[in-house]
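Trainee: I would like to go through some of the labels attached to this structure and ask what stands behind each one.
Mentor: Go ahead, one label at a time.

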Amino acid sequence: MLVVQPAQPRTPSQGRIGLAIAGGGPTGGMYELGALRALDRAIEGLDLTRLDCYVGVSSGAFIAAGLVNRLSTEEMCRIFLTGDAEVHFRPEIFLKPAIGEYLRRAASAPSLLLNWARESLADPANASLGELLTRMGGVIPNGLFDNTDVETFLRRLFTTQGRSNDFRELDRPLYVVAVDLDSGKAVRFGSRDWDDVPISRAVQASAALPGLYPPVCIRDHHFVDGALRRTMHASVALDKGIDLLLGVNPFVPFNASRGGKRPAGLDRLAEGGLPVVLSQTFRTLLQSRVQVGLEKYARQYPDTDQVVMEPDEDDGEMFFTSVFSYDNRVKVCEYAFRATLKDLRERREQLGPMFARHGLRLRGEILDAPNLSILDGVGRRRPQTETTARLRRSLDDVEAMLQRETPTPNRATSRRRGSARKART
């Protein structure tokens, strides 16, 4: 499903494009990869690794940080789907039990009990079981899983082959949003006051979903999932004066009244128990904030076209797939890829002129191709040494610099020609 907010432009487009990606756990990240891969294939002139601004929240920060580091959607498919990339990814890093957290919390139980017993003996009249239960809440771990291996993987990924784990070394702005647990305020890693934090650490903080992962301590502040404040934080990109906003939100509520596919015997969502009820509630809150935000952005940024990709509300494929079911990654990616192509194809009459304003073109040969798969064109890449990878990156930089210096009607035209040249090579 595409949510489109056409602009009412007062000035010509300069082809400045921003990307905002929401969170959604490993499964949400795979949906985002599939949707972005579809855009990559279907829109001529769009280079997702050379946009003008990137904003990521939780798993969306994972994808955004990769793109700004020149990891194309094709290369990400190799890393996460086929395993043919030079970087080995282990999905079990998402579900590593937080043993250290369990032991630390358990070790505090005797002292909590002892203090309660002392106070009860000193003042029996005010002693209560409720007070004991409240104090024992400190024994419960504040996260089931340990995400330090996720940070380690990202740090290794962003410090090889010419990539960078430093916001200040990127050639395009990247903002990773997390929430300060003690103040409840959103923090934009990558902004002036927080750009010295390693990108891998910022992504770890942004993806620390309360209850599943412990808060991440940075500068004596504890950070949790950035979606607690807003879903996509698209205003961060819009404030940069972009002409086109592309957004991805993998979480939408399931509309059971439309007869969507669901597990056998589950006629009502309430029959699925607490996990299904909480999932529907959480998704409803997230999507409603996206809708409210887009309506507000249409008034505040009338010169900016906005296109947001979401799953269909009657699709049970995403809703009933566990957020942490990484084993279904190919199926989820394939679903998102084909669904996005379908949406682009069905709305090409509206989107074609909109994209053309920014120097982009919908590829009819891709939209109309039968049975196109996300893995088409994702072949095994020739192994690269650190030296050849840096050389390739430098040559790409030189080509981009030459494109900027070549007189063209606008930046969008330059972007389109550069993308076409890259496709030929």
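Trainee: What makes Cys 77 and Cys 333 buried or exposed?
Mentor: Buried means under 20% relative accessible area, exposed over 50%, and partly exposed in between, with a 1.4 Å probe and protein chains only. Cys 77 has 0% relative accessibility and therefore counts as buried. Cys 333 is also at 0%, so the label is buried.

Trainee: Where do these values come from?
Mentor: The model is predicted, so local features need pLDDT of at least 70 and side-chain atom pairs count only at pLDDT 80 or more, while totals for chains, interfaces and linings use all residues. Residues are numbered from 1 along each chain as its sequence is written, and side-chain values use heavy atoms, with hydrogens and water left out.

Trainee: How do you know that helix 1 and helix 3 cross, and at what angle?
Mentor: Helices are DSSP runs (H or I, at least four residues), strands likewise (E, at least two), numbered from the N terminus. Axes are lines fitted to C-alpha atoms, for helices over the stretch in contact, and angles run from 0 to 180 degrees between N-to-C directions. The axes of helix 1 (residues 25-42) and helix 3 (residues 73-82) come within 10 Å and cross at roughly 145°.

Trainee: Which residues make that contact?
Mentor: Contact means heavy atoms within 4.5 Å. Helix 1 contributes Met 30, Leu 33, Leu 36, Arg 37 and Asp 40, and helix 3 contributes Thr 73, Glu 74, Met 76, Cys 77, Phe 80 and Leu 81.

Trainee: What makes Ala 22 buried or exposed?
Mentor: Its relative accessible area is 1%, so Ala 22 is buried. Ala 22 is found in the loop between strand 2 (17-21) and helix 1. Leaving aside neighbours within four places in sequence, its contacts include Glu 32, Val 57, Thr 231 and Pro 250. The C-alpha atoms of Ala 22 and Ala 61 are separated by 7.8 Å, with the two residues 39 apart along the chain.

Trainee: And why does Thr 340 get its label, buried or exposed?
Mentor: With a relative accessible area of 2%, Thr 340 is buried. Thr 340 lies in helix 12 (residues 329-346) and touches Ala 35, Ala 38, Leu 39 and Met 309, not counting residues up to four places away in sequence.

Trainee: What about Asp 47, buried or exposed?
Mentor: Asp 47 is at 13% relative accessibility, so it counts as buried. Asp 47 lies in the loop between strand 3 (43-44) and strand 4 (53-57).

Trainee: Which label does Asn 371 get, buried or exposed?
Mentor: At 68% relative accessibility, Asn 371 is exposed. Its phi is positive, about 55°, although Asn 371 is not a glycine.
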